[in-house]
Amino acid sequence: MSLKERFKVLAAGVIQDNRRAWAARMAARLARFYNNSWEYPGYSTEENGERALLRSLAGEDIRTIFDVGANVGDWSSDCASVFGNASIHSFEPVPATFQVLATRAGSERRITPHPYGLSNEEGSAEFTYYGPENSFLSTMVAPVHDHLESTRVSIKLRKGDDVLRELSVQRIDLLKIDVEGMEHEVLEGLGTAFSEGRVGFVQFEKQPGRRLLKDYYQLLGRYDYRIGKIYSQYVDFRPYDSAQERTAGPNYFAAPAAKAKLISALQSGFMRSRNG
């Protein structure tokens, strides 16, 4: 056993022997706080890197954007301000939330709202809705916010490849998926588009529960994408490692491997990628 391994065993033993001690419990809380702050800068798109990432992509040829799980349209509006010539399709299946999205989209002709979600097949699903003030917490997987009032609503789902044909959209230049646990199914539903090289950049959330991050690496790896986690200052592109399954913070960005120069710039930092 190496010296490092022996130290780890010794340290773990000391911690376990003193687990009930006040100092040990406080150290554990501090460690959790540090790790959460290290891995996830928060929900604000101005602070967590999402908006900076969009600005870093402003020089790319982005003409068609899909916002899957648009909620009330904040991200779609950000895209409209950054990509002046892009057409934006915003998908929101929860009726009450869609009404807010549609009202907001009425003032921006380039945003087209759609009252359904995308998945890997046509159908419907049950959705836990936490009301207008907490709509961003709503989920298609097991609800976890028991302290909040919620209702179950039925939502309509469409297969992504079918929607592309129906809308006569040949290519998605930027695809954002935030569907509270069903992101993998959305990617599967666009399998034909991916296999034909008709999807550009992908931003997706990885929520805990149904899927491992490994599943996303495997699926997008088939189409030669590189995946990185979005932080406040940069995108951390790296090969898959099982340790990544234990980290907090859900936002990831995938780019075709052919975009090596952009990937390197984003890895260096958003400010550098915007300036160069």
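1. R63 is exposed, with a relative accessible area of 55%, where exposed means over 50%, buried under 20%, and partly exposed in between (1.4 Å probe, protein chains only). Its salt-bridge partner is D61, the two side chains meeting at 3.0 Å, N to O; a salt bridge here is a side-chain nitrogen of Lys or Arg within 4 Å of a carboxyl oxygen of Asp or Glu. D61 is likewise exposed, at 51%.

2. This is a predicted model, in which local features need pLDDT of at least 70 and side-chain atom pairs count only at pLDDT 80 or more, while totals for chains, interfaces and linings use all residues. Residues are numbered from 1 along each chain as its sequence is written, and side-chain values use heavy atoms, with hydrogens and water left out.

3. D67 and K176 form a salt bridge of 2.6 Å, N to O. D67 belongs to strand 1 (residues 64-68) and K176 to strand 7 (residues 172-177), so the pair ties together parts that are 109 residues apart in sequence. Helices (H or I, at least four residues) and strands (E, at least two) are DSSP runs, numbered from the N terminus. Both D67 and K176 are buried.

4. The side chains of D173 and R171 also meet in a salt bridge, at 2.9 Å, N to O. D173 is buried, with a relative accessible area of 9%, whereas R171 is partly exposed, at 35%. Elsewhere, salt bridges that share partners join E46, R51, R55 and D78 into one network. The structure holds 19 salt bridges.

5. The largest nonpolar core has 30 residues, and those with the most contacts inside it are F66, L175, L187, F194, V202 and L220. Such a core is a set of buried Ala, Val, Leu, Ile, Met, Phe, Trp, Tyr and Cys residues joined through side-chain atoms within 4.5 Å. Helix 9 (residues 213-221) gives the most to this core, with five residues. A second, separate core of 25 residues includes I62, A80, F83 and V235.

6. Which residues of helix 9 are buried? They are L213, Y216, Y217, L219 and L220. Their cover includes helix 7 (183-189), helix 8 (191-195), strand 8 (199-205), strand 9 (225-230) and strand 11 (251-256).

7. Leaving aside residues up to four places away in sequence, F66 touches W75, H89, F91, L118, L164, L167, V169, I172, L174, L175 and K176; contact means heavy atoms within 4.5 Å. K176, one of these neighbours, is the salt-bridge partner of D67.
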